[in-house]
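Subject: Structure handover and notes

Dear colleague,

Please find the structure below, together with its sequence. My notes follow it, and I would be glad if you read them with the model open beside you.

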Amino acid sequence: MEITTKSMPYEAWKDNEYIESMIAELKANGTNVIVGSLDKLINWGRSNSLWPLTFATSCCGIEFISLGAARYDMARFGWEVARSSPRQADFMMVAGTIVHRMAPVVRRLYDQLAEPKYVIATGSCAISGGPFKNSYHVVKGVGEIIPVDVYCPGCPPRPEAMIYAIMQLSRKVKVEKFFGGVNRKENQKEFLKNHPIESMTD
Amino acid sequence: MANIQEIVGKQFPEVTFAQGETLELTVPDASWHALAAKLHKEFGFDNLRALIGMDWGEELGIVCYLVNSRTYEMIRVKVSTANREEPFLHSITDLYAVAGIYEREVYDFYGIKFIGNPDMRRLFLRNDWVGFPFRKDYDTNPEVNPVRLDHEETEDTTVTYVEDADGKIHAEERVIFKPEDFVVNIGPQHPATHGVLRLRTAVEGEEIKKIDLYLGYIHRGIEKLCEGLTYPQTIHFVDRLDYLGALINSHCVCMCVEKAMGIEVPPRAKVIRVIMDELMRINSHLLAAGTFCMDLGATTMLFYALRERETILNILERTTGARMTFNYNVIGGVRQELDENFVTDVKALLEIMPKAIKEYNKIFTGNVIANNRMNGVGVLSEDDAVDYNITGPSGRATGWNYDVRRAHPYGAYPEVDFEVITRTEGDSMARFKARMSEMEQSCKIIAQLIDKIPEGEICAKVPKIIKLPEGHWFQEVETGKGAFGCYIESTGTTSPWRMKFNSPCFCLAGVIDHLTRGQKIADLITIGGTLDYIVPDIDR
């Protein structure tokens, strides 16, 4: 089974091993024909209309604007519906440095996203703290506070790199079991259990 | 200058003078406020350009740069206190409006409390933060301040320090929002704040009563990071401050270090730097116009503006190799030789820009809705611009004729002929139009230089290890947002003792409350958009 996105040949991907391991995981337990076909249909729809949350803190956000403009035009792929409310978005491009004061806000935004939800860590700051790694006020990677699905390196990543990252995400969506929760949901639950919010009152 | 020394010296015998780059006055805290009042009233130093917190090891204190808004003369005042446990200094908020926010920053980083400042809360850091990070003895152990996922308490009161007649200082509680106020929280995640800015807005119906500003949602501690790095290593950080003025910012830092070391930049590098600066300015104004119009609902403008911006990015990318964070300026000159097609590309851009600007004006500036939403909205007077230290297009839109390129010319600017755009209305429309006209002026500057790029070296010979002598330097440039300053204090080693980036956007954020009072809440977006602040530049 070759999982790819439209107009992208399978051989052109740089890292097919991970997707193959995910497929193996998907196939391991087998599934009901009806549920399997439904999964396929739903995933087809979802992977082709991923809606991002407009969320940017710094430089990477400007490249995200470029991504939406005429030259790179993410509308070609069905991602152009950037939502300002997390309730309406499918995934979050964490574009920019996340600092201590912002960390609870990021976590809250993530919690507000409707299931199923995904995160792309865009740029070296969101991946590891980047050039500001040694700062007293910078979170060393957004992976410390929310589970990340795709990492997109660069400082800032070029819009092409962002396109590649979102394509990877849409590929991951395709190998998910919507009804069974294989491949993603379990990890997410585990992550959230290991990273509780202290003194949460509500 | 001698005049100041004479008159001030007579009235304040305790003030000591020194002549460096500028006249330097060192004053004990007791007479600081009186001296500031005298400088303000009698000598016309009515613009507080920078208020920089300092930790000299033994002493804590501040360094102020005061500017005469008419003659552009600059002086430096140093105030310090030896008490590290309970440091107090007198506030000058009643003389300079911008001091309010500057002093809060100093309190946040150094723990210096200002007597008379109406609001002494932390500005960038969480209010449960432990310690003052810019002090040299700050404990950097991450266990002291771990990443917290719980939300901090938002307080409706603040504290102010008052000195009574016999010199005793006591804290007084001040109310920001009363319980009956209707407070709307805008941000930090809001598409129209252009980044992660948080504004707690008290409204009465649709009218804004008061705005309480929360910063620090992208405070990266760049200035503190610089203290641990060598000078060439610090330059790339400023690309990430105001990323739309990346090349201009790094130009500033390089000039400051060159000034300190006495390096003469080759003429070719000077001209290249200025051309790059002006390309950057057009880029900055284009994105400002595009996103602002999108906020008002004119989405088309964004696509038109970004079309030209991509052309500029192409030119920059061919020479520097990057689209946004260029790392192109180095100490002594520029990093690489220009691309072989640079001149042709720039000339092609110069040809399309006038047509494009005409097109923008046709689509947006003349539009009835745009006029109704911008005319007379958020009017800033010239005196307020000086008082709040609003430089750049926003300041010039009020009529204050201040442009660093003219006031303190640097690089190749003395050789070129251009007009400093000023307007008199001071409203949102004036700010918007000022940017449009500035793009034309930038094209004019580039056109004068593009055929006359001198041949020769692109970088001066600099020592392998860059070491600055003991001393302090302050250099300003004009970015797309206003006067950007770089302050370096050196103890003679390879890394700075203190490096401060005095950003124009910080002051722009400080004026929001003043500008929006009494306006409609929808106009907050208009005012914020035309002020054109970049949040990472505010927070640093």
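Chain B is divided into domain 1 (14-145) and domain 2 (230-462), where the domain bounds come from an automatic or database domain assignment. The C-alpha centres of these two domains of chain B lie 31 Å apart. In the contact between them, domain 1 of chain B takes part with nine residues and domain 2 of chain B with eight residues, two residues being in contact if their C-beta atoms, placed from the backbone, lie within 7 Å. Sorted by class, the side of domain 1 of chain B that touches domain 2 of chain B has five nonpolar, two polar and two charged residues; here Ala, Val, Leu, Ile, Met, Phe, Trp, Tyr, Cys and Pro count as nonpolar, Asp, Glu, Lys and Arg as charged, and the others, Gly among them, as polar.

Before going further, please keep in mind that this is a predicted model, in which local features need a pLDDT of at least 70 and side-chain atom pairs count only at pLDDT 80 or more, while totals for chains, interfaces and linings use all residues. Residues are numbered from 1 along each chain as its sequence is written, and chains are lettered from A and ligands numbered from 1 in the order in which they are written.

How confident is the predictor in the complex, in terms of ipTM and pTM? The complex is given an ipTM of 0.84 and a pTM of 0.88. For single residues the score is pLDDT, the predictor's confidence in each residue, from 0 to 100. Chain B has a mean pLDDT of 88, with 100% of its residues reaching 70 or more, and chain A averages 81, with 92% of the residues scoring at least 70. Among the elements of chain A, the lowest mean pLDDT (70) belongs to helix 7 (residues 185-194) of chain A, and the highest (90) to helix 5 (residues 123-128) of chain A. Among the elements of chain B, helix 1 (residues 2-11) of chain B has the lowest mean (78), and strand 16 (residues 483-490) of chain B the highest (91).

Turning to the fold of chain A, there are seven helices and four strands, which are DSSP runs (H or I of at least four residues for helices, E of at least two for strands) numbered from the N terminus. From the N terminus on, the elements of chain A run α-α-β-α-β-α-β-α-β-α-α. The four strands of chain A form an open sheet in the order 1-2-3-4, with parallel pairing, and two strands pair if DSSP finds at least two bridges between them. Strand 1 (52-53) and strand 4 (150-152) of chain A are the edge strands, each pairing on one side only. Three bridges join strand 3 (residues 118-122) of chain A to strand 4 of chain A, and Ile120(A) stands opposite Val150(A) in strand 4 of chain A.

The C-alpha trace of chain A spans about 50 × 45 × 30 Å along its principal axes. Buried residues make up 45% of the 202 residues in chain A; a residue is buried if 20 or more other C-beta atoms lie within 10 Å of its own, exposed if 12 or fewer, and partly exposed in between, with C-beta atoms placed from the backbone.

Where the two chains meet, the contact takes 40 residues from chain A and 36 residues from chain B. Helix 3 (59-68) and helix 4 (103-112) of chain A each supply at least two residues of the side of chain A that touches chain B, and helix 4 of chain A gives the most, with five residues. By class, that side of chain A has 21 nonpolar, twelve polar and seven charged residues.

Finally, some backbone details deserve a look. Most residues other than glycine have a negative phi, and most peptide bonds are trans. The peptide bond from Cys155(A) to Pro156(A) is cis, with omega near -10 degrees, and Pro156(A) is found in the loop between strand 4 and helix 6 (159-174) of chain A. Asp73(A), in the loop between helix 3 and strand 2 (91-95) of chain A, has a positive phi near 40 degrees, and Asp73(A) counts as partly exposed because it has 16 C-beta neighbours inside 10 Å. Asn327(B) has a positive phi near 55 degrees.

With best wishes
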